[in-house]
Amino acid sequence: MKNEEDRSAWQLDQNSATAYEDYLVGRFFRRWAERLLTHADVAPGDRILDAGCGTGIVARTAASRLGRASKVVGVDINDGMLAEARRQDADQTVAWEKGALEELPFEDRTFDVALSQQVLQFVADRAKALAELHRVLAPGGRLVLASLRDLAFNPSYGVLATTLERHAGKAAGDMMRSPFSGPDADTLREELKAQGFSGVSVQHDILDVRFPSPSEYLRQEAASSPLAEPLAELHGDSLEALIADLEPALAAFTDDHGVTFPMETHFVAANR
Ligand SMILES: C[S@@+](CC[C@H](N)C(=O)[O-])C[C@H]1O[C@@H](n2cnc3c(N)ncnc32)[C@H](O)[C@@H]1O
């Protein structure tokens, strides 16, 4: 995992998909992919879809657990994320496809298990996406998804968002809040039932996360997201002011080794 701190030249990475893989996958998405797959109880022979695969950590982990006996497909709308996914999958263990959840490029009843980690909160038409996931699952198939709980359960990100808003504008604050603005568990339950899913079960999952310092917490999150652009425009004094504001704001999450906090998500499982 990349891990350099240099506040005098606080360069954001050129490619946010590579930064996402280097930073956020290492800090939490990889461990969460493992837990999601265990929760989904995937088995060799299962045909698996990773919906909104990003750089592909869920699909790649599934393929390495299950071997060639399982067909694993990752689908995403973002070319940059798919390029990084292909780069990480040198042995071509996964089939990577471009497509939107709302219009999945697969035949009916193609998969036994559909997995989707931290995607639903970004999807424009959630009802359509859930209907599509239902359509591509085979009878007896199951959907297991992860969606972050709101900022009340992930308060250090609320601190990041508020500080960003103060220094880089409302859009930057809203962007940092967006991963935590997905549906709550009861809403998801109803939306899944409305699309024909049954046996919906919700589990809260809590992961311990650590970043080396408050400024690295901000830098790595920003570099891995659409925040890279607005923040790349902050220089010198503005950047120093942002970090000077952030450090005391994050004091409750900071120890002698950096910033640490519990991060909370919902795992939601449902039968087709
Ligand atoms: C936070 S990332 C999660 C990526 C991956 N699932 C992981 O666990 O690392 C969200 C991903 O959802 C994708 N995404 C957002 N809306 C989508 C849509 N409507 N259809 C397909 N992918 C979408 C984005 O391109 C991005 O790669």
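Angles under 35 degrees count as roughly parallel, over 145 as roughly antiparallel, 65 to 115 as roughly perpendicular, and the rest as oblique. The model shown here is predicted, with pLDDT of at least 70 needed for local features and 80 or more for side-chain atom pairs, while totals for chains, interfaces and linings use all residues. Residues are numbered from 1 along each chain as its sequence is written, and side-chain values use heavy atoms, leaving out hydrogens and water.

**View 1. Helix H1 against helix H2.** H1 and H2 pack with their axes 9 Å apart, at an angle of about 50°; the two are therefore oblique to each other. Helices here are DSSP runs (H or I, at least four residues), numbered from the N terminus. Axes are lines fitted to C-alpha atoms over the stretch in contact, and angles run from 0 to 180 degrees between N-to-C directions. H1 passes H2 in a right-handed crossing (the near helix is turned clockwise from the far one by less than a right angle). On the H1 side, look for Glu-21, Val-25, Phe-29, Arg-30, Ala-33, Glu-34, Leu-36, Leu-37 and Thr-38; H2 brings Ile-57, Val-58, Arg-60, Thr-61, Ala-62 and Arg-65. Contact means heavy atoms within 4.5 Å. By class, this contact of H1 with H2 has 8 nonpolar, 2 polar and 5 charged residues. Nonpolar covers Ala, Val, Leu, Ile, Met, Phe, Trp, Tyr, Cys and Pro, charged covers Asp, Glu, Lys and Arg, and the others, Gly among them, are polar.

**View 2. Helix H1 against helix H3.** The axes of H1 (residues 16-40) and H3 (residues 79-88) come within 8 Å and cross at roughly 50°, which makes H1 oblique to H3. Ala-17, Thr-18, Tyr-20 and Glu-21 of H1 meet Gly-80, Met-81, Glu-84, Arg-87 and Gln-88 of H3. The contact of H1 with H3 has 3 nonpolar, 3 polar and 3 charged residues.

**View 3. Helix H1 against helix H8.** Here H1 and H8 (residues 214-223) pack at about 130°, with axes 8 Å apart, and that makes H1 oblique to H8. Ser-16, Ala-19, Tyr-23, Leu-24, Arg-27 and Phe-28 of H1 make the contact with Arg-219, Gln-220, Glu-221 and Ala-223 of H8.

**View 4. The largest pocket.** About 990 Å³ of space lies in this pocket. On a 1 Å grid over the protein atoms alone, a pocket is an open set of points where a 1.4 Å probe fits, with protein on both sides within 12 Å along at least five of seven lines; lining residues have an atom within 4 Å of a point. Grid points are joined across faces, edges and corners, and the volume is the space filled by probe spheres set on them. Of the 43 lining residues, Tyr-20, Met-81, Gln-118, Phe-122 and Pro-226 are the closest to the centre. H1 gives the most to the lining, with 6 residues.
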